[in-house]
Protein chains: 2
Amino acid sequence: MTQPPTQDNPGEFDIIRDIFAPLSESQAGAYNLTDDAATLSPPSGTELVMTKDAMVSGVHFLASDEAGHIARKLLRVNLSDLAAMGATPMGYLLAAFWSHGTDPDWIRSFAEGLKQDQREFSIGLLGGDTVSTPGPLSLSLTAIGHVPNQKALRRNGAQQGDLLVVSGSIGDGALGLKALRGELEFLNPDDLSFLVDRYHLPQPRLALGTAIRDLASSCIDISDGLVADIAHICDASSMAAVFDVEKVPLSAAAAKVVAKDAEFLTAILTGGDDYELAFTIPAAFESRLSDLSKQTQTELAYIGKIEAGSGVRVLKNGTAMALPTAGWRHF
Amino acid sequence: MTQPPTQDNPGEFDIIRDIFAPLSESQAGAYNLTDDAATLSPPSGTELVMTKDAMVSGVHFLASDEAGHIARKLLRVNLSDLAAMGATPMGYLLAAFWSHGTDPDWIRSFAEGLKQDQREFSIGLLGGDTVSTPGPLSLSLTAIGHVPNQKALRRNGAQQGDLLVVSGSIGDGALGLKALRGELEFLNPDDLSFLVDRYHLPQPRLALGTAIRDLASSCIDISDGLVADIAHICDASSMAAVFDVEKVPLSAAAAKVVAKDAEFLTAILTGGDDYELAFTIPAAFESRLSDLSKQTQTELAYIGKIEAGSGVRVLKNGTAMALPTAGWRHF
């Protein structure tokens, strides 16, 4: 059932003690990873928010990606889920399925990436498990945050007439993956590396998530793709949404890609991996968007609105675009 | 990056909506798995306890094991970690990496196993993720419980002179695996199926864990093997332990195996997969063991004691046994 460790193949306990336990040092209740479980208390007046994402090499990231980038993306996509709920992160648990023969130095680089982001987001490792697999590297992370009692942002509160707003720029992650696959060779190196960075290192919109907690009627992070994730809000809220493709915020690099070939708009609208927030606010709050943008240092774009009905319509020059099945799926 | 679903290969969203969302129905804060994250509050005066284990087909269970058994074992090994901390379970998150082409009926049987144990342990599904992998079926589960503030059982409190106690019977899990591999054909069918059941369906000692919270100086669940797990207590407590192999409680089936060939004692002592509790109590509490056993309907055996020093000695007829490296490891 298990394999004994060798000098070249350190055991689970060595990996945990030498590489992962240091990541738990600042985390009260992690007990330096020497106990069966961790303990955690939400601050007074708050409840816990928890999310768990899974990633597989070759499916959710490229086997050639840097270890530190993979680690940080894994952490950040989970933090993005917390941002979408308006939560403040506290810590995380990690399950790592290392492919047989994984170089311990690779694992150290992976942990170094986690360490870097722990500092950036003021969180620590609470616990987890590390096992070996004959399959590809697979990872599961559980992120835990807190939110004032009953104040978690949900997907199901969008109302007819609400404004549909997105943060940052859309489509860079999907285009970054295309860049890595050599499909955007017409771009200059700076634009290519901007898009690749956006693919590798999404920026969870934590400050924005907490700032809109009392303002937004619904919120989601854009992981499956802009259209699919707005459809999730519509489904949960029993509403429809319509937005103008011209209002979807694009980075300078993405704008160049679309200028070269408008077909790339499909990838931008459905490609996923944005980790921006899409949210709805009552129309009466429109005037607050500019202050909100300054306060959170986050670009915000009003792209459309919520209507009665169901489904998502994307208008280009006022005409509904034909898009492939909204929401490509991970299974 | 992702694959579109087909009629024969339902998508992630279908799997979640049709098979897993029903498992979250009774769980407040799971939002029917339609949101980015779940919310959870520990009862007043308690803190949360969380643990996360990972399992891989062919490493931690047999590919031929029944789906429902795999699901229940996954849940139970995590509940066993909560038991070792003296915690009461509340809910869990699941990450499933299904092998490409996994039959949805197999996934339904897996979920049915979870449903059965949710009823048994009064818990529900809080959230998680489901993805597809070219590798073997892999699973990660995060279990969450609560414990009165600052009352979690730890591994690091064993004191010189404390008594070493174990619950239930030891070695059945390791022998059950041997039975499945056809190595115990000399046993009768009833004994074989007893051992196999113990391997497939460990019994997390939750009632015992909560009952010894104010009594035990240290506690661990026996997953790596009796000797290795007692060594974990010794390491964390900076103590040594000594116990008599004759006092280690064996089931009738295990006793028959040892009577046939005493070499099987090694597997019993080091094989893991017991999911019983090993704990230490001050010697003054010895008289309470019998009441504790009745109250929790759990057999308890006093097998040895804690001494100054380091490491674990196992005595057979008063002489230290030579055992392979204590603690086979999962990496």
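This is a predicted model: local features need pLDDT of at least 70, side-chain atom pairs count only at pLDDT 80 or more; totals for chains, interfaces and linings use all residues.
**Notebook: chains A and B, then the domains of A**

I started with the contact between the two chains: chain B puts in 64 residues, and chain A puts in 64 residues.

Next I looked up which elements of chain B give two or more residues to the side that touches chain A. The helices on that list are α1 (12–20) and α2 (67–84) of chain B. The strands are β1 (38–40), β2 (46–56), β3 (88–99), β4 (124–133), β5 (138–148) and β7 (218–221) of chain B. I then checked who gives the largest share of this side, and it's β2(B), with 9 residues. Sorting the chain B side by class, I got 33 nonpolar, 19 polar and 12 charged residues.

Strand β2 of chain A, residues 46–56, pairs with β1(B). The sense is antiparallel, over 3 bridges. I picked out A:Val49 and found its bridge partner in β1(B): B:Thr39.

Then I turned to chain A by itself. Its domain assignment gives domain 1 as 45–148 and domain 2 as 163–320. Taken over C-alpha atoms, the centres of these two domains of chain A are 24 Å apart. Where they meet, 17 residues of domain 1 are in contact with 18 residues of domain 2.

On the domain 1 side of that contact, the elements of chain A giving two or more residues are α2 (67–84) and β3 (88–99). α2(A) gives the most, with 10 residues. My class tally for this domain 1 side reads 8 nonpolar, 4 polar and 5 charged residues.

Key: Residues are numbered from 1 along each chain as its sequence is written. Chains are lettered from A and ligands numbered from 1 in the order in which they are written. Two residues are in contact if their C-beta atoms, placed from the backbone, lie within 7 Å. Helices (H or I, at least four residues) and strands (E, at least two) are DSSP runs, numbered from the N terminus. Ala, Val, Leu, Ile, Met, Phe, Trp, Tyr, Cys and Pro count as nonpolar, Asp, Glu, Lys and Arg as charged, and the others, Gly among them, as polar. Two strands pair if DSSP finds at least two bridges between them. Domain bounds come from an automatic or database domain assignment.
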